[in-house]
Amino acid sequence: MTTYKDAGVNIEEGYKSVKLMKRYSASTFTPGVLNGIGSFAGMFELGDYKNPVLVSGTDGVGTKLKIAFQMGVYDTVGIDCVAMCVNDILCHGAKPLFFLDYLACSNLKADVAADLVKGVSKGCIQAGCALIGGETAEMPGFYAKGDYDMAGFTVGAVEKDDIIDGSKVEEGDVLVGIASSGVHSNGYSLVRSLVGDLEKSFGGSTLGQVLLTPTKIYVKPVARLLQKFNIKAMAHITGGGFFENVPRMFKGDFTAVIDKKSYKIPDIFKYIMDLGVGERQMYNTFNMGIGFVLCVKPSDADSVVSELEKMGEKAYVIGNVKKGERKVCLK
């Protein structure tokens, strides 16, 4: 008699992985969570909002997963998965409420899957949101043996009157950049095409360890800024780098003038550039050391930087806004 296991799907391993995942999920629960992992759907009570707008975002880790599996490190890329989603919805002033993950593979190993979700739980704790559900799909014959893919989805909320949409941006406003933690989770197909030895010594670590540094989650420091300052627009520097993402924060026709010398570009980006990537391609692919950008009025700029530094963040005045074509101008 042919069984599901004969076809490549080990149900018992799936049960084991869910059991291991439950403890990580439970560690993220916030007061709005109404049920735990194991139900057919996660439930979350919206709470004390007068006129809430739900804000959603979805993304994946991408080919950074390849490096994680080459290195045998599975418990950090889940942070990237959360970060790529929550940082996006943060751009509109939304507080992330809950998160769901999707994990797919050829043949499931419960311990590996649990470590991947452990990373998701770490990311959720950093973002202050709850991991209330997910899906693990074992798909032999579809994915190559040993391959895993990971994506996620978050829902947040913001009062309608507090939505940040770039409509208040004016000529002369100042751009404040918050430092990234490294390459984050974009451009890894290019990185992997250039980088060979992941064990190469690099800045006191190995190159592989530097490339696996998790994406910084900006939710908590930016939430504090929103309580104290008039933040006019925000941008998460993800795929497309500066050129694609900074103009997305504007509702009108403005040019973002970025001073390349306003902050120190991390060594990992200089290393990638030295491998043969041109400057424009670098700024159109990577965050170049700035993971999140805020647009504020000139009189607030220094105070915003100071407040971020008090919270342990590295922040810089990196440019300004002028009327013109919606684009980025590097100087």
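In what order do the six strands of the open sheet stand, and what is the pairing?

Guide: The model is a predicted one. Its open sheet is built from six strands, which follow one another as β8-β10-β5-β11-β9-β12, with mixed pairing. The edge positions belong to β8 (233-236) and β12 (327-330); each has a single partner strand, so one side of each is left without a neighbour in the sheet. From one strand to the next, the twist averages 25°.

The individual pairings can be followed across the sheet. Strand β5 (residues 174-179) is joined to strand β11 (residues 315-323) by five bridges, and the two run antiparallel. Within this pair, Gly177 stands opposite Tyr316 in β11. On to β9: five bridges join β9 to β11, again with an antiparallel course, and here Phe254 is set opposite Lys323 in β11. The pairing of β9 (residues 254-258) with β12 is parallel and comprises four bridges. Thr255 is the residue that stands opposite Lys327 in β12.

Helix α3 (residues 77-90) lies across β8 and β10 (290-296), and its direction is at about 165° to β8.

Setting aside residues up to four places away in sequence, Val296 touches Asp173, Val174, Val176, Asn230, Ile231, Ala301 and Val304. By contrast, Gly36, which is 260 residues from Val296 along the chain, has its C-alpha atom 40 Å from that of Val296.

In soluble globular proteins, nonpolar side chains tend to be buried together. The largest nonpolar core in this model has 90 residues, and Leu211, Phe242 and Leu294 are those with the most contacts inside it. Helix α3 gives the most to this core, namely eight residues. Beyond its neighbours within four places in sequence, Leu294 is in contact with Val174, Leu175, Val176, Ile178, Leu225, Ile231, Ala233, Met234, Val304 and Leu308. Another core, of seven residues, lies apart from the largest one, and includes Leu97, Phe98, Ala130 and Val155.

The unreviewed UniProt entry lists residues 53-158 as "domain: PurM-like N-terminal". Over residues 53-158 the chain is 38% helix and 37% strand, and the end C-alpha atoms of the stretch are 5 Å apart.

The cysteines complete the description. A search of the whole structure finds zero disulfides. Cys105 takes part in none, and the nearest cysteine sulfur, that of Cys81, is 15 Å away. Cys105 has 1% relative accessibility and therefore counts as buried. For Cys129, the closest cysteine sulfur is that of Cys124, at 3.9 Å, which is too far for a bond because a disulfide requires sulfur atoms within 2.5 Å. Cys129 likewise counts as buried, at 0% relative accessibility.

Notes. Residues are numbered from 1 along each chain as its sequence is written. This is a predicted model: local features need pLDDT of at least 70, side-chain atom pairs count only at pLDDT 80 or more; totals for chains, interfaces and linings use all residues. Side-chain values use heavy atoms; hydrogens and water are left out. Two strands pair if DSSP finds at least two bridges between them. Axes are lines fitted to C-alpha atoms, for helices over the stretch in contact, and angles run from 0 to 180 degrees between N-to-C directions. Contact means heavy atoms within 4.5 Å. UniProt positions are given in the numbering used here, feature names are shortened, and annotations may be inferred rather than shown by experiment. A nonpolar core is a set of buried Ala, Val, Leu, Ile, Met, Phe, Trp, Tyr and Cys residues joined through side-chain atoms within 4.5 Å. Buried means under 20% relative accessible area, exposed over 50%, partly exposed in between (1.4 Å probe, protein chains only).
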